[in-house]
Structures are given as C-alpha cells and as structure tokens.
Amino acid sequence: MTQQRASTNRDALRETVSAVGKNYYVLLGLHPSASAIEIRRAYRELSKRYHPDTTELPHAVATSKFQQLNEAYATLS
C-alpha cells in the first residue's frame, strides 16, 4: 500500500512540474520544444522590456514580472 501511495505521489509531482514548466514556456512566449538558444533570446528580449529600471510600468509590476522571467529562465536553461 505504501509503495502504491509513493508511486501516486511521484506521478502527481511529475504532472505539477510539467505544468509549471509549460507555464514558463508560455511566460517566455515559447513552444515547449524551444531550443536553449531560443529560450535565451526570448529571456533577453523580455528582460530588457520588463526590467524595473528601463520600463514605464509601475515599479511593483515590473519587479514582479522581471522576477517571474528570471525564475522561468533559471528553470528552463
């Protein structure tokens, strides 16, 4: 019984990680089959657009968006 529960937990964790990864691709505007170069290019372009020091967005919004981009890039690269 414990083995079955552990297997179910592993499957749920895989699904969660997969869903989060897909959200990172969406955040960067990429398809999940994007190459490392495409991920880097998208990150660099978006980070320039949303960096709190260079955007006209409110500072709190820009900071949040920039942190999300950093997290996505760190995870996918």
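This is a predicted model: local features need pLDDT of at least 70, side-chain atom pairs count only at pLDDT 80 or more; totals for chains, interfaces and linings use all residues.
**Close-up 1. Thr55 sits in the loop between helix H2 and helix H3.** Helix H2 covers 36-50 and helix H3 covers 59-76, with Thr55 placed in the loop that runs between them. Have a look at what the Thr55 side chain does here: a polar atom on it lies 3.4 Å from the backbone oxygen of Arg49. A polar atom of that side chain is also found 3.3 Å from the backbone nitrogen of Leu57. If you skip the neighbours within four places in sequence, Thr55 is in contact with Arg49, Tyr50 and Ala62.

**Close-up 2. Tyr43 and Tyr73 make a stacked aromatic pair.** One aromatic pair is what you'll find in the structure, and here it is: Tyr43 with Tyr73, at 4.3 Å centre to centre and 15° between the planes. That angle counts as stacked because the cut-off is under 30 degrees. Tyr43 belongs to helix H2 and Tyr73 to helix H3, so the pair ties together parts that are 30 residues apart in sequence.

**Close-up 3. Lys65 lies over the face of Tyr50.** Zoom in on the ring of Tyr50 and you'll see Lys65 over its face, at 5.1 Å from the ring centre. Tyr50 also turned up in the Thr55 view, as one of the residues in contact with Thr55.

Key: Residues are numbered from 1 along each chain as its sequence is written. Side-chain values use heavy atoms; hydrogens and water are left out. Helices (H or I, at least four residues) and strands (E, at least two) are DSSP runs, numbered from the N terminus. A polar contact is a pair of N or O atoms within 3.5 Å; within protein, one must be able to donate a hydrogen and the other to accept it, and residues adjacent in sequence count only if both atoms are side-chain atoms. Contact means heavy atoms within 4.5 Å. Rings of Phe, Tyr and Trp (its six-membered ring) pair if their centres lie within 6.5 Å; planes under 30 degrees apart count as stacked, over 60 as edge-to-face and the rest as tilted. A charge sits over a ring if NZ of Lys or CZ of Arg is within 6 Å of the ring centre and within 35 degrees of the ring normal.
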